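Biologist: Hi, could you walk me through this one?
Modeller: Happy to, here it is.

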Amino acid sequence: IGAIHQETGKNRALLLCDMIWCTLRYGVGYLDYHVFGFAQNRGANRKTFMTMNHNVSLARMVNDATYYPLLNDKFQFLQRYEAFLGRRWLDLREADPQTLARFCQDCGVVFAKPHAEFVGKGVERLEPGPDTDFVALHRRLMDGGQFLVEEAIRQHPEVARLCPQSVNTLRVVTILNESGPHIVYAHIRIGNSDRPVDNLHSGGMFAPIDLDKGVIQYPAYDKARHTYT
């Protein structure tokens, strides 16, 4: 509410009431309300948005919940799809400081992160040097719940130009039916802050991809709906 008040100048109490109304009427959570600009969108236009509630309902309809842990737990995902990753990783719960030191020396740049978080929470870029105290680093990461340490992905230089601090990724949403897999939409995610991630909720931005031409379709925009060419 504070962020929306700063952006729009609208009364905080009225924003709260409207947010509650939109939750009850449209199934819009506070993040959707902010990202979709519901403070400015009124009337029938609000019905045109696919909200988080719609997204969850659709996901439950087309996905087998048995496989949810593979996506919710990074360690399960890494173990299941390790042959396709192309990068090394380490579970600090099973590695001592000496193992961490060897891993970092081999990889150079690494990323530490919680194994069950999302939207870029807790992700940290590390580039340990010869003077690094790996006993202290191991203890700090363990205390912070950053049990997963991964080798940094080396992206194509042209993609890195968009934001050198982060790995800039493509999100391709697909659906599988009797006739095979189909792409619903795709967009590129780009970092835009001092955080080493491209997640929208961690300061990043995104732009849609033209599926026929394979090019970025429109200027990118961030959570506050600022646009970037």
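Predicted model: local features only at pLDDT ≥ 70, side-chain atom pairs only at ≥ 80, totals over all residues.

**Helices, sheet and cores**

Biologist: Which strands does helix H8 lie across?
Modeller: Helix H8 (residues 134–143) lies across E2, E3 and E4, at about 170 degrees to E3. Helices (H or I, at least four residues) and strands (E, at least two) are DSSP runs numbered from the N terminus. Axes are lines fitted to C-alpha atoms, for helices over the stretch in contact, with angles from 0 to 180 degrees between N-to-C directions; contact means heavy atoms within 4.5 Å.

Biologist: What's the strand order in the open sheet?
Modeller: E1-E4-E2-E3, 4 strands with antiparallel pairing; two strands pair if DSSP finds at least two bridges between them. The edges are E1 (89–91) and E3 (124–126), each pairing on one side only.

Biologist: And over how many bridges do E2 and E4 pair?
Modeller: E2 (residues 110–113) and E4 (residues 148–151) pair over 4 bridges, with Lys113 bridged to Leu148 in E4.

Biologist: Where does helix H7 lie?
Modeller: H7 (residues 97–107) lies across E1, E2 and E4, running at about 25 degrees to E4.

Biologist: Which element gives the most to the largest nonpolar core?
Modeller: That core has 15 residues, and Leu90, Leu100, Val110, Leu141 and Val149 touch the most other members. H7 gives the most, with 5 residues. A nonpolar core is a set of buried Ala, Val, Leu, Ile, Met, Phe, Trp, Tyr and Cys residues joined through side-chain atoms within 4.5 Å. Buried means under 20% relative accessible area, exposed over 50%, partly exposed in between (1.4 Å probe, protein chains only).

Biologist: What is Leu100 in contact with, beyond neighbours within four places in sequence?
Modeller: Leu90, Leu92, Phe134, Leu137, His138 and Val149.

Biologist: Switching topic: which residues of H2 are buried?
Modeller: Leu15, Asp18, Met19, Cys22 and Tyr26. They sit on the same side of H2, because they cover an arc of only 105 degrees around the axis, taken from the directions to the C-beta atoms.

Biologist: What do they pack against?
Modeller: The buried residues of H2 pack against helix H1 (2–8) and helix H3 (30–35). The face turned away from the buried side carries exposed Cys17 and Leu24.

Conventions: Residues numbered from 1 in each chain as written. Heavy atoms only, no water.
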